[in-house]
Amino acid sequence: MIDTPKRKYDSLAEEWFAQVWKFVLRIALIVFTGYVIWRIRAILTDVLVASILAFAMIGPVDWLCRYRIRGMTGRAQRLLVTLVVFIVLAAIVARCLALVIVPFQSQVHDLGHNLPAYKSHLLTMVSSAKNWFAHLPPDVQNFLQRQGATGEGISPGSWVRDMMEKTFAGLAKIVDIILIPVLAFYFVLDGHSLRNEFLALVPPRRRREAIRLLRASSTIMRTFVIAQFWLCVIAGVVVYIGLNIAGMQYSLILGLLAGVTRAIPIIGPVIGGIPIVLLAALQSPILAVKILIFFSIMHLVESKLIMPKFIGHKIHLHAAVVIIVLLIGGEFFGLIGMFMAAPIAAFGRVLLLQYVIRPRRIARAAKSGASSITAPPSPLIIKSQ
């Protein structure tokens, strides 16, 4: 009886030590997981891009697989359909690239014919600039000359070296470019098998819950990809109309280019607008200024108003939340972070509602005597079921 308090103290100390040890192990596991993710971030980027491509392709493949071919097993038919869909996609991409190259070839050819006129115009502009500089006050001239002499310029050698390094870095990414469609092909072909292999690692009592979360994540990604597709269509139509109004040639092909590059959030209009503005500059400097103003306004309206509202409505996020998570994703993971920020935030919202908010509401309802009242699950979980 005398040792009872001491035994209780030892038991409490052991329990406290076990809790602290579990906490330390969890922190170490989280840090190790974060370190591994950071080291393999380039691989994860390829996997994410391949997953996005697979989500875009799995709809046509599943639809075509509904029409069974006599004398062919389901596995063989899915393999054939997947091959056909990917071959058609590759042919469309190759055709679009060929169409986009046509305007630049034509304008470069015209530039060769009009080069003497451009040279004369450039010399006139240089002469006007010299006359303007000569009429400036001596103090201003000396100041501008000092800035030119002491300013940090870019030497041609460093510029060429930097371009060569970027070129070799781009060539090193060829393997990734080939790997992405290969991974997407296997994701589309064996998506169900991969899901079953993942579920085999989950404890049996958690498998139904894991299936529900997988369906919710699939719903989010499918909805996000469809929303991005319609935004690309809208961007292509708007650019086509705008270029027609501005009087620019090849407006249909350039609208297609703008629509495809729109798949990159926030900076997609910029990426698509740069070659279009350069092409306009080959036609007319005034036209280039008009196109630049048009794309600036379009980028502002699309990235700050239309896209956050449209994407947020589709995946049940507020437009302000979409803008914030896009900026955070771009800060940490660049373009792929910006692209995946919205669906990841939507899935995080599902987890928060399912495991934090809903249990607390149920507990409060039980305490208040209304134990039969339960908080509704996320709309995305309802939709996926």
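These legends describe close-up views of a predicted model. Local features need pLDDT of at least 70, side-chain atom pairs count only at pLDDT 80 or more, and totals for chains, interfaces and linings use all residues. Residues are numbered from 1 along each chain as its sequence is written, and side-chain values use heavy atoms, with hydrogens and water left out.

**View 1. The largest nonpolar core has 22 residues.** Such a core is a set of buried Ala, Val, Leu, Ile, Met, Phe, Trp, Tyr and Cys residues joined through side-chain atoms within 4.5 Å. Buried means under 20% relative accessible area, exposed over 50%, partly exposed in between (1.4 Å probe, protein chains only). Ile52, Met307, Ile311, Ile315 and Met340 have the most contacts inside this core. Helix 13 (319-367) is one of the helices that supply at least two of its residues; its share, 10 residues, is the largest. Helices (H or I, at least four residues) are DSSP runs, numbered from the N terminus. Beyond neighbours within four places in sequence, Ile52 is in contact (heavy atoms within 4.5 Å) with Met221, Val225, Phe339 and Met340.

**View 2. The largest pocket holds about 2,200 Å³ of space.** On a 1 Å grid over the protein atoms alone, a pocket is an open set of points where a 1.4 Å probe fits, with protein on both sides within 12 Å along at least five of seven lines; lining residues have an atom within 4 Å of a point. Volume is the space filled by probe spheres set on the points, which are joined across faces, edges and corners. Of 49 lining residues, Leu53, Leu89, Val93, Val260 and Ala263 are closest to the centre. Helix 2 (41-65) gives the most, 12 residues.

**View 3. The second largest pocket holds about 1,600 Å³.** Its lining has 43 residues, with Ser51, Phe55, Leu214, Ser217 and Met221 nearest the centre. Helix 13 gives the most to this lining, 13 residues.

**View 4. Asp62 pairs with Arg78 in a salt bridge.** The term requires a side-chain nitrogen of Lys or Arg within 4 Å of a carboxyl oxygen of Asp or Glu. The closest N and O atoms of Asp62 and Arg78 are 2.9 Å apart. Asp62 sits in helix 2 and Arg78 in helix 3, 16 residues apart. Asp62 is partly exposed at 32%; Arg78 is buried at 13%.

**View 5. Arg75 and Asp190 form a salt bridge at 2.2 Å, N to O.** Arg75 lies in helix 3, Asp190 in the loop between helix 7 and helix 8, 115 residues apart. Arg75 is exposed at 52%, whereas Asp190 is buried at 15%.
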